[in-house]
Amino acid sequence: MKVVALVSGGKDSCYAMMKCIQYGHEIVALANLMPGDDSVDELDSYMYQTVGHQIVVSYAECMGLPLFRRRIQGSTRHQNLSYRVTVGDEVEDMFIMLKEVKRKIPSITAVSSGAIASDYQRLRVESVCSRLGLVSFAYLWKEDQSLLLQEMISEGIVAITVKVAAMGLDPAKHLGKEIAYLTSYLHKLKDLYGINVCGEGGEYETLTLDCPLFTKARIVLDDFHIVLHSSDSIAPVGVLHPLNFHVESKATTISVSDSNGISILSADKLASVFEVQGDCLGRCDAKCQSLDDASALMEVPGHKLNLSKTKRKDTFTIGCSLQVSSSNPTGLQDDLKIVLKKVEVQLTGNGLGWENVLYVHLYIGSMSEFGLANETYVKFITQEKCHFGVPSRSTIELPLLQVGLGNVYVEALVANDQTKRVLHVQSISCWAPSCIGPYSQATLHKEILHMAGQIGLDPPTMTLCAGGPTGELEQALVNSEAVAKCFGASISTSAILLVIYCSKRIPSSERIRIQEKLDMFLKQRRSLQLGKESNSTVLDPVFLYVLAPDLPKRAFVEVKPLLYAAESAETVAETTGQEIGLTVKPNYWGIKEADWHNSCFQKCIIRGKVCSVVLSITSELAMKICRESYGADQNAWSYEKFTKECCMDIISRFCIYLLDKILLDNAFYWEDATIIRFYFPTSLGFSLETLSVIFNTSFKEFAEMSQMLQMGEEPIFNLVPVLGAGKSATSMDDMITCELFAQKC
């Protein structure tokens, strides 16, 4: 891509440019924001480094590139972490400048910045890029600062300190010193006081005088004086004000001084420096889907909307799909508009909106239409509607048409509060894959971390890694671990549930290697994690493998982790052992408790907080369940005597019975369930409508018998058609697989 680089003069923005080139991009222009008054060194800005701005003008000559500069007119007006377009805010100066750069150089498609750890700055750059249709590159994001500083020095960055503001840094001693000279001392201060060795906490700022990208010339600082902003005895603050400098050509030397003694470039060299004027605010906000248009689409002859909703009041799942008529098919975009509008109506009816959605499962009939799905999705779910962050998301292709559905099926996990914490990094970096689209990497709500589906993308290139299915799985797990780390969690010790979506393109012989790779990765990471934190609680997660027709970018594997991010270290977890619920177990449909029932499920219990269950009914178990339901004369039973509807009726009752038992055994109730999802293979030959009637009838029977469950008009479960599902990669052949998640308030 052709890139315009945001340059402050600091080491980070220069090294970020070097990383862009390393990953195959081309820097074609520079952009810099400076104070309105040349004599002012530093502004009271949360966004921009301006110390040394008098010298940044030389970068155009040093690199032989056009430099666009704008004098900052705005101030810090919108101080919340997530930025919203605000008239007069300093962020709008960046927007105006980059808009002009894009106008002058239309081939530019990306912006580079030196963000390392500041969400505040990163989110604002991403906001501007989103409005202008540009990609944000932040290749230093979340990198280890000690390693990063050493890399910069070894790669040829020559930078001096121009501001110090931290314990142990003395303006008189440390301003104007090269970072190579200060490195060991900065690490000493890190050990003593916990400073950020790259200065990300504002401990110091730098000015780059030379680097490998300065192919034409280097900068030599001839004279400066120190301006003391604070004489605090513990952490004095001072800045370096340049008095005289010259640009030394890497062939010849050019030096000019103005009347104030500040060296400037000769007039013919200034032709490549452009000052961007203007104070108007250009808005590029996304337009929301017209309610009238979407409402009109909701009434399609021969089509029926399927709706489901779990019963928990504060956190619940809404499922919506379209049952279509074969004589009047519709396209994906129309189907998605109808479904999203229906979900929106349900949210509004509960006094909620898209900002209350934590997670979206987007199931589509064909991955070839993934781009069209995103186009429609973003018209409903936008940053403007989701002030606390857009929901996380997983997208897979499912055989929807084979079970009588339209092209889209949506599940939305909803919370009736606004306490969620969202991680949404849109910048391309080396940290983890960016989410340039309208969804976030992870959403934390009430100690549960809902992570977006991760495929095996190489973060800096955003392309699938080599190595086939196992290579992609390992990279997806590494990506997931990077995201989990931002919340103080790990997929190796904090996972409650790991769902592994497998493409049907994976050869059967490769599936065992998928499971072996997952087991080995978790074991190795767990050992490392426990080595660092000996008191860490280790959860034994539940595993679910789902066979899907296709995944985004034709990936072989997609990983969807669900983690417990504890607020405190006191967590009691169990996956087996003594039951803590009711001692007297209810008996429904005459089903008798048996030891073999334990082979049907996996569970992960966090006592008093979380109950996660995956129930697997294989063909063998299904025959056993049906045989035992036949009564005393089991020898007379044969599969041929039962219709498949009759067998499924028996299996649905058994599933509900066993789920109820697990909930009660662990002091949970149906009203605690936020997710109840049944996967069924299309090879069974059931339409979703037929299967929904069977399971809904069984749930109503159970509700009447138990008096412990209130049933409404819509089902409390979602039915998900798949090619196969199971508890291992080699046995994705369950007749029915149930995923249940319950949580105490």
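Which residues does Thr376 touch, not counting residues up to four places away in sequence? They are Gln333, Leu336, Lys337 and Leu340. Thr376 has its place in helix 11, and because its relative accessible area is 0%, under the 20% cut-off, Thr376 counts as buried. Please keep in mind that this is a predicted model.

**The chain as a whole**

- The chain has 745 residues, and 58% of them count as buried.
- Its secondary structure comes to 16 helices and 32 strands.
- Among contacts with a separation of 6 or more, 76% are made by residues 24 or more positions apart.
- The chain has an accessible surface of about 29400 Å², and carbon and sulfur atoms account for 50% of that surface.

**Nonpolar cores**

- The largest nonpolar core holds 149 residues, and the members that touch the most other members are Leu30, Ile617, Met648, Trp670 and Phe678.
- Helix 15, which spans residues 644-665, gives the most to this core, with 12 residues.
- Another core, of 39 residues, lies apart from it, and its members include Leu423, Val425, Ala489 and Ala565.
- Phe678 is worth a look on its own: leaving aside neighbours within four places in sequence, Phe678 is in contact with Cys655, Leu659, Phe695, Phe699, Phe717, Asn718, Leu719, Val720, Ile736, Thr737 and Cys738.

**The largest pocket**

- Helix 5 provides the largest share of the pocket lining, namely eight residues.
- Sorted by class, the lining of the largest pocket has 20 nonpolar, 15 polar and 11 charged residues.

**Enclosed cavities**

- The structure holds three cavities of 30 Å³ or more.
- The largest cavity has a volume of about 190 Å³.
- There are 18 residues lining the largest cavity, and His361, His450, Lys560, Leu562 and Ile675 lie nearest its centre.
- Seen by class, the lining of the largest cavity has 11 nonpolar, three polar and four charged residues.
- Strands supply much to look at here: strand 14 (357-364), strand 16 (405-415), strand 19 (448-451), strand 23 (495-503), strand 25 (557-564), strand 29 (673-681) and strand 32 (736-743) each give at least two residues to the lining of the largest cavity.
- The second largest cavity contains about 40 Å³ of space.
- Its lining is formed by Thr315, Leu358, Leu413, His445, His450, Thr674, Phe741 and Gln743.
- That lining divides into three nonpolar and five polar residues, with no charged residues.

Conventions
Residues numbered from 1 in each chain as written. Predicted model: local features only at pLDDT ≥ 70, side-chain atom pairs only at ≥ 80, totals over all residues. Heavy atoms only, no water. 1 Å grid on protein atoms, 1.4 Å probe; cavity = no way out; pocket = protein on both sides within 12 Å on 5 of 7 lines; lining within 4 Å. Points joined across faces, edges and corners; volume = space filled by probe spheres on them. Helix = DSSP H or I, 4+ residues; strand = E, 2+ residues; numbered from the N terminus. Nonpolar A, V, L, I, M, F, W, Y, C, P; charged D, E, K, R; others polar. Core = buried A, V, L, I, M, F, W, Y, C linked by side-chain atoms within 4.5 Å. Buried < 20%, exposed > 50% of the residue type's maximum accessible area, 1.4 Å probe, protein only. Contact = heavy atoms within 4.5 Å. Areas by Shrake-Rupley, 256 points an atom, 1.4 Å probe, with all protein chains shown as cover.
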